Amino acid sequence: MSLKSRLVGTAKRQVKETLRPVLQRAMAPSRTSIPASHWGLEHRPGQGLCLEGVPLKELTARWGSPLHVVHLDALKRNVQRFLAVPPGRAGGAEVYYSYKTNPVPGVLSFMHGLGVGAEVISAYELWLALKLGVAPERIVYNGPAKSEDSVREAISRGIQLLAANHAEELAVFSRIAAEVGRRPRVAVRVSTDSGWSAQFGTPIAGGAALRAFQQARASGHLDVVGLHAHRGATLRTEGELTGFVESVLAFTDTLHQELGQDLEVLDLGGSLCTPTTEHIAERDWRLNLTFFRDVPAPDPAASLSIDRYLALVVEMVESHYARRGRKRPRIFLEPGRAMTGDTQLLLARVHALKQGEDRTWAVLDAGVNHAECVRNEYHQLFHVERPDAEASRVYTLVGPICTPGDTLYHAKRLPELSVGDTLAIMDAGAYFVPFATSFSFPQPAIIALDGGKERLLRRAETFDDLVTFDAPPAEPARLSG
Ligand SMILES: *Cc1c(COP(=O)(O)O)cnc(C)c1O
């Protein structure tokens with residue numbers, strides 16, 4: 001490095017270090033954490049954070065670390081909210097949980113037992129739903145990559161709804177339906193202006209979605225009963241929800257007028273937020289990285305709740321159809337993150353502390369290998385043993401896998417840490433488990449907490465598990481010569 005670039009580097013670092021405290025104070029976000037009581041956690045003196053009376057630190061002592069903990073009571077409450085009939089309405093919605101969000105059989109079966117169906121997007125997930133004993137009429141099959149075998153299985157079993165992701169898929173459905181000799185209940189997935197499009201759904205704009213419905217009706221082998229629209233982009237405000245639902249409802253009028261197509265099923269997909277997590281804005285992320293400014297915490301009270309979401313959806317659909325004097329369709333919802341996101345937490349331990357010039361690195365036994373979402377979403381973090389100790393020190397929390405990308409929190413103010421301390425990463429119930437990798441370290445166990453009792457849902461991976469699919473080593477290779 002030249003003298004000049006070294007001087008510039010030093011000057012930059014000095015500017016950052018001088019500005020850090022000033023900016024931290026001047027630009028401090030109004031909310032930097034969410035109270036533990038929000039999740040039903042309780043601080044008991046001498047025991048640290050407890051859930052249903054069970055000290056979290058004892059869970060890692062008994063079951064190992066890292067550890068996923070599913071809070072069944074919280075999950076039950078979310079299920080009840082989704083399945084409720086909103087006040088003043090004749091009916092509510094039918095709920096199909098998005099399997100990919102947290103495909104843990106113990107979690108899925110628990111929800112099925114309470115009356116939730118399965119929303120699957122792959123041949124594997126369809127197989128899993130059937131294996132878990134979900135009745136075919138409680139299964140919705142979506143996704144852009146359905147194998148022909150799985151479509152045949154879905155049609156032969158008579159599943160509730162088979163949604164064509166793109167118009168080209170309708171020809172496959174038709175051919176297989178003719179072979180099987182059974183008419184599947186089909187929906188066409190559409191995309192609106194406000195959500196994902198790309199490989200997902202057929203756009204309403206420009207008439208492609210209307211043509212797809214025309215094609216489906218002309219097939220002769222399909223029972224066209226539904227419209228499917230999953231926004232993809234997270235719904236956090238009433239405005240986002242009403243804008244989305246209005247554009248879908250406007251399209252149902254087009255279907256009625258242009259094709260005489262009335263819908264038995266209106267499937268509005270998922271996308272409702274978890275109130276306590278939020279994508280970290282680019283600016284907040286940069287300020288945290290450079291000036292250690294705290295990442296602002298979302299305000300759960302300002303987010304669309306499950307109750308409000310359901311009430312608005314049902315009201316909008318009911319009044320739309322009432323005004324037109326037509327029967328309202330059945331409403332299907334496919335929640336993922338809003339159902340399970342805030343009902344699971346991940347416990348991790350401080351494995352090592354490394355002192356740097358301007359911060360301390362805390363190396364945890366869980367990183368992006370088990371908590372990928374924490375990279376770009378706000379996730380509340382608690383010190384399990386000393387939740388109320390003053391957050392006096394800035395740490396960079398990294399995971400165990402050997403890449404600089406394995407950083408969970410770039411600059412996090414926490415109580416003084418010691419090796420062996422336990423941390424709780426909240427809202428681990430959506431997209432943590434399915435995105436996890438066994439990169440150098442096996443997967444953690446998953447337990448359920450059920451009325452103060454612990455139950456193993458999935459044991460931790462062992463080293464043997466990691467090589468169980470490999471063929472035995474061949475004869476040792478020799479270098480010739
Ligand atoms: C992923 C997915 C969902 C669930 O999405 P969330 O944002 O987690 O609610 C629902 N429907 C479909 C078709 C999906 O692909």
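Predicted model: local features only at pLDDT ≥ 70, side-chain atom pairs only at ≥ 80, totals over all residues.
Where in the chain is Ser-271 found? Ser-271 is found in the loop that runs between strand E12, residues 265-267, and strand E13, residues 278-279.

- Ser-271 has a relative accessible area of 5%, and because buried means under 20%, Ser-271 counts as buried.
- The backbone of Ser-271 has a phi near 90°, which is a positive value in a residue other than glycine.
- The ligand is surrounded by 14 residues, and the closest of them are Lys-100, Ser-271, Glu-334, Arg-337 and Tyr-431.
- Ser-271 faces the ligand with its backbone, as one of its backbone N or O atoms lies 2.7 Å from an oxygen atom of the ligand.
- Of the 390 Å² of accessible area that the ligand has on its own, the protein covers 94%.

**Backbone features in loops**

- Phe-292 is not a glycine, and yet its phi is positive, at about 60°.
- The position of Phe-292 is in the loop between helix H10, residues 282-291, and helix H11, and with a relative accessibility of 4% Phe-292 counts as buried.
- Ser-65 and Pro-66 are joined by a cis peptide bond, for which omega is about -5°.
- Pro-66 itself belongs to the loop between helix H2, residues 56-63, and strand E4, residues 67-71.

- Met-316 lies in helix H11, which spans residues 306-324, and Met-316 is buried, since its relative accessible area is 12%.
- If residues up to four places away in sequence are set aside, Met-316 touches Thr-242, Val-245, Glu-246 and Leu-249.
- Met-316 and Ala-129 are separated by 187 residues in sequence, and the distance between their C-alpha atoms is 31 Å.
- Glu-318 also lies in helix H11, and its relative accessibility of 18% is the reason why Glu-318 counts as buried, the limit being 20%.
- The side chains of Glu-318 and Arg-89 are joined by a polar contact of 2.9 Å.
- Beyond residues up to four places away in sequence, the residues that Glu-318 touches are Arg-89, Ala-90, Gly-91 and Arg-328.
- Arg-326 is found in the loop between helix H11 and strand E14, residues 330-333, and Arg-326 is buried, with a relative accessible area of 18%.
- Arg-326 touches Thr-252, Asp-253, His-256, Asp-262 and Tyr-321, when residues up to four places away in sequence are not counted.

**His-71 in strand E4**

- His-71 is found in strand E4, and at a relative accessible area of 9% His-71 is buried.
- Apart from its neighbours within four places in sequence, His-71 is in contact with Trp-39, Leu-51, Glu-52, Thr-343 and Leu-449.
- One of these contacts, the one with Glu-52, includes a polar contact of 3.1 Å between the two side chains.
- The C-alpha atoms of His-71 and Ala-178 are separated by 46 Å, and the two residues are 107 residues apart along the chain.

**A nonpolar patch on the surface**

- Val-15, Leu-19 and Val-22 form a nonpolar patch on the surface, and together these three residues have about 240 Å² of accessible area.
- Leu-19 lies in helix H1, which covers residues 3-26.

Notes. Residues numbered from 1 in each chain as written. Heavy atoms only, no water. Patch = residues over 30% accessible without salt bridge, like charges linked within 9 Å, V, L, I, M, F, W, Y side chains within 5 Å. Areas by Shrake-Rupley, 256 points an atom, 1.4 Å probe, with all protein chains shown as cover. Salt bridge = Lys/Arg side-chain N within 4 Å of Asp/Glu carboxyl O. Helix = DSSP H or I, 4+ residues; strand = E, 2+ residues; numbered from the N terminus. Buried < 20%, exposed > 50% of the residue type's maximum accessible area, 1.4 Å probe, protein only. Contact = heavy atoms within 4.5 Å. Near = heavy atom within 4 Å. Polar contact = N/O pair within 3.5 Å; in protein donor to acceptor, adjacent residues only side chain to side chain.
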